[in-house]
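Please brief me on how this protein is built.

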Amino acid sequence: MANMRKVILQQINKYKKMSNILDTITGVVARTHGLKKNEVFTKYRGGTLVEARRQIMYIAKQEYGITCKKIGDWLNLDHSSVVHHCKKHSDLYQVDKNYRDKFDKAHHLMTALMTRPSDVKNIYDVINEQDDKIMSLELELKDIRSKFKKIQNNINQLNIEVNG
């Protein structure tokens, strides 16, 4: 009975570790592609999403030995889709520089995260803060552009009234 309990606890811990690894891979790859982690799980099939999912599958399978079935379950895909995407990754990596650059960036970050988690976590927090600042500045810029356009329209209107 004690042995069975030990085996069950080992399996639970193994599953939790695998889920944490998949979650980390998903977060790193999503960030590399400029996506939010939850976007990876949507049914959309835009190019960036497909690339991100493909890279998640490849890293999980090749670097961490996670089965195609488990990866498929994680991404709500059939295991045969995982097999297909892992094969497709190798082809794209050879011929598509942009794809290769994004993969290499995610792969290096994932490797660093797994070997020096505290250092990378601090860097990751800084990146998150910078991303928040960038989003805030982009919203502010959008507002300024809108105000500028209104001023331009007012000037054009005044020019028409004066000249017209």
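The briefing below runs from the overall fold to single residues.

This is a predicted model, in which local features need pLDDT of at least 70, side-chain atom pairs count only at pLDDT 80 or more, and totals for chains, interfaces and linings use all residues. Residues are numbered from 1 along each chain as its sequence is written, and side-chain values use heavy atoms, with hydrogens and water left out.

**Overall fold**

- The protein has six helices and zero strands. Helices (H or I, at least four residues) and strands (E, at least two) are DSSP runs, numbered from the N terminus.
- The order of elements from the N terminus is α-α-α-α-α-α.
- Of the 164 residues, 26% count as buried. Buried means under 20% relative accessible area, exposed over 50%, and partly exposed in between, with a 1.4 Å probe and protein chains only.
- Take the contacts between residues at least 6 apart in sequence: 57% of them join residues at least 24 apart. Contact means heavy atoms within 4.5 Å.

**H2 against H3**

- Two packed helices are described by the angle between their axes and the distance between the axes.
- Helix H2 (residues 47-64) packs on helix H3 (residues 68-75) at an angle of about 145°, with the axes 10 Å apart. Axes are lines fitted to C-alpha atoms, for helices over the stretch in contact, and angles run from 0 to 180 degrees between N-to-C directions.
- The crossing of H2 and H3 is right-handed. A crossing is right-handed if the near helix is turned clockwise from the far one by less than a right angle, and left-handed if anticlockwise.
- From H2 come Arg-53, Ile-56, Met-57, Ala-60 and Lys-61; they meet Cys-68, Ile-71 and Leu-75 of H3.
- The residues of this contact are six nonpolar, no polar and two charged. Ala, Val, Leu, Ile, Met, Phe, Trp, Tyr, Cys and Pro count as nonpolar, Asp, Glu, Lys and Arg as charged, and the others, Gly among them, as polar.

**H3 against H4**

- The axes of H3 and helix H4 (residues 79-95) come within 8 Å and cross at roughly 105°.
- That makes H3 roughly perpendicular to H4, a label for angles of 65 to 115 degrees.
- H3 contributes Cys-68, Lys-69, Ile-71 and Gly-72, while H4 contributes His-79, Val-82 and Val-83.
- This contact divides into four nonpolar, two polar and one charged residue.

**Nonpolar core**

- The largest nonpolar core has 25 residues, and Ile-25, Val-29 and Ile-71 have the most contacts inside it. Such a core is a set of buried Ala, Val, Leu, Ile, Met, Phe, Trp, Tyr and Cys residues joined through side-chain atoms within 4.5 Å.
- Helix H1 (2-32), H2, H3, H4 and helix H5 (97-115) each give two or more residues to this core.
- H2 gives the most, with seven residues.
- Beyond four places in sequence, Ile-25 touches Ile-56, Ile-59, Ala-60, Tyr-64 and Met-110.

**Selected buried residues**

- Thr-32 lies in helix H1. Its relative accessibility is 12%, so Thr-32 counts as buried.
- Not counting residues up to four places away in sequence, Thr-32 touches Lys-102, Lys-105 and Ala-106.
- His-89 sits in helix H4 and counts as buried because its relative accessibility is 2%.
- Leaving aside neighbours within four places in sequence, His-89 is in contact with Arg-54, Gln-55, Tyr-58, Tyr-99 and Phe-103.
- Leu-35 is in the loop between H1 and H2. Leu-35 counts as buried, at 16% relative accessibility.
- The C-alpha atoms of Leu-35 and Leu-49 are separated by 8.0 Å, with the two residues 14 apart along the chain.

Conventions
Parallel < 35°, antiparallel > 145°, perpendicular 65-115°, else oblique.
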